[in-house]
Amino acid sequence: MKKSVVVTGASKGIGKYVALRLLSQGYFVFGCSRSDSTISDNNYQHFKVDLNNEKQILDFFGNVRRHSTQLYGLINCAGIASMNHVLLTPTQTAEKIFKLNFLATFVCSREASKIMKKHKTGRIINFSTIAVPIALEGESVYGASKSAVESFSKSFSKEVSNYGITVNIVGPNPIKTDLIKNVDNLKLQNIINMQTIKRYGTFDDVGNVVDFFLSENSDMITGQKIYFGGL
């Protein structure tokens, strides 16, 4: 049976890159995002899903469950950030960040695992950020939402280990995507200067770590996180 992978936020940026990379490796890919996709491939299906809406997520995974492929992987790429001082951050903004970054990751991980456990194998990869370990000023809420993802992933990895499912975390440094397009270049350079390897991350850096966590040979690797840049 052909293996499939779900990629959230697959219409652009890292999510689109990961989806295309997985297609090139022979996986069937289910992508979802709020917008349409430009990916055209017989092994790709895209669904317009508002990840803040649990019913839409459940409907999406219902389609995945009914498909003829075996769900092997989930890569939670979708996320938002808002670089603001806490005193200038509205509660509504904080709620929006937590809903997409943490709650959507939680719901998608839960629903994917229900499908994966039938096959006694699976790989879940959740995205964090180096804003967590460096306690990035101006990203308190964003960092907190990703800290929640990390804590959840660590505990969740133990809860699903008996089903052969691993749960790991990718923590990129700044990568030139829409997520940081409005961030001041000086602030970004200051972040890069904190790194041991002082450069922006790339999509290929992400792909390298995703390949490692997704590999069938990584069945002993779970509850782990890899930050970029040598912090």
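The model is predicted, so local features are given only where pLDDT is at least 70 and side-chain atom pairs only at pLDDT 80 or more, while totals for chains, interfaces and linings use all residues. Residues are numbered from 1 along each chain as its sequence is written, and side-chain values use heavy atoms, with hydrogens and water left out.

**Stop one: helices α3 and α4**

Begin by selecting residues 91-116, which form helix α3, and residues 140-159, which form helix α4; helices here are DSSP runs of H or I with at least four residues, strands are runs of E with at least two, and both are numbered from the N terminus. Two packed helices are described by the angle between their axes and the distance between the axes. For α3 and α4 the angle is about 20° and the axes are 8 Å apart, where axes are lines fitted to C-alpha atoms over the stretch in contact, and angles run from 0 to 180 degrees between N-to-C directions. The two helices are therefore roughly parallel to each other, a term for angles under 35 degrees, whereas angles over 145 count as roughly antiparallel, 65 to 115 as roughly perpendicular and the rest as oblique. Their crossing is right-handed, meaning that the near helix is turned clockwise from the far one by less than a right angle, with anticlockwise being left-handed.

Now show the side chains where the helices meet: on α3 they include Phe-98, Phe-102 and Phe-106, and on α4 they include Val-149, Phe-152 and Phe-156, a contact being heavy atoms within 4.5 Å. The residues of this contact divide into twelve nonpolar, five polar and two charged; in this scheme Ala, Val, Leu, Ile, Met, Phe, Trp, Tyr, Cys and Pro are nonpolar, Asp, Glu, Lys and Arg are charged, and the others, Gly among them, are polar.

**Stop two: helix α2 against α3**

On the α2 side you will find Glu-54, Ile-57, Leu-58, Phe-61, Val-64 and Arg-65, which meet Val-107, Cys-108, Arg-110, Glu-111, Ala-112 and Ile-115 of α3. By class, this contact has eight nonpolar, no polar and four charged residues.

**Stop three: strand β4**

Select residues 70-76, which make up strand β4, and pick out Gln-70 within this strand. Gln-70 counts as buried because its relative accessibility is 12%, where buried means under 20% relative accessible area, exposed over 50%, and partly exposed in between (1.4 Å probe, protein chains only). Leaving out residues up to four places away in sequence, Gln-70 touches Met-1, Lys-2, Lys-3, Ser-4, His-119 and Thr-121.

Move along to Tyr-72, also found in strand β4, which counts as buried at 1% relative accessibility. Beyond four places in sequence, its contacts include Tyr-27, Met-116, Arg-123 and Leu-214. Glu-216 also touches Tyr-72, and although these two residues are 144 apart in sequence, their C-alpha atoms are 9.8 Å apart in space.

**Stop four: the loops**

Select Lys-120 in the loop between α3 and β5, and check its backbone, where phi is positive at about 60° although the residue is not a glycine. Lys-120 is exposed, with a relative accessible area of 53%.

In the loop between β5 and α4, Ala-135 has a phi near 50°, again positive in a residue other than glycine. Ala-135 is exposed, at a relative accessible area of 63%.

Thr-129 lies in the loop between β5 (122-127) and α4, but Thr-129 is buried, with a relative accessible area of 8%. Setting aside residues up to four places away, Thr-129 touches several others, including Tyr-142, Lys-146 and Tyr-227.

Finish with Thr-177, placed in the loop between β6 (165-171) and α5 (185-194) and buried at a relative accessible area of 17%. Apart from neighbours within four places in sequence, Thr-177 is in contact with Ile-14 and Phe-203.
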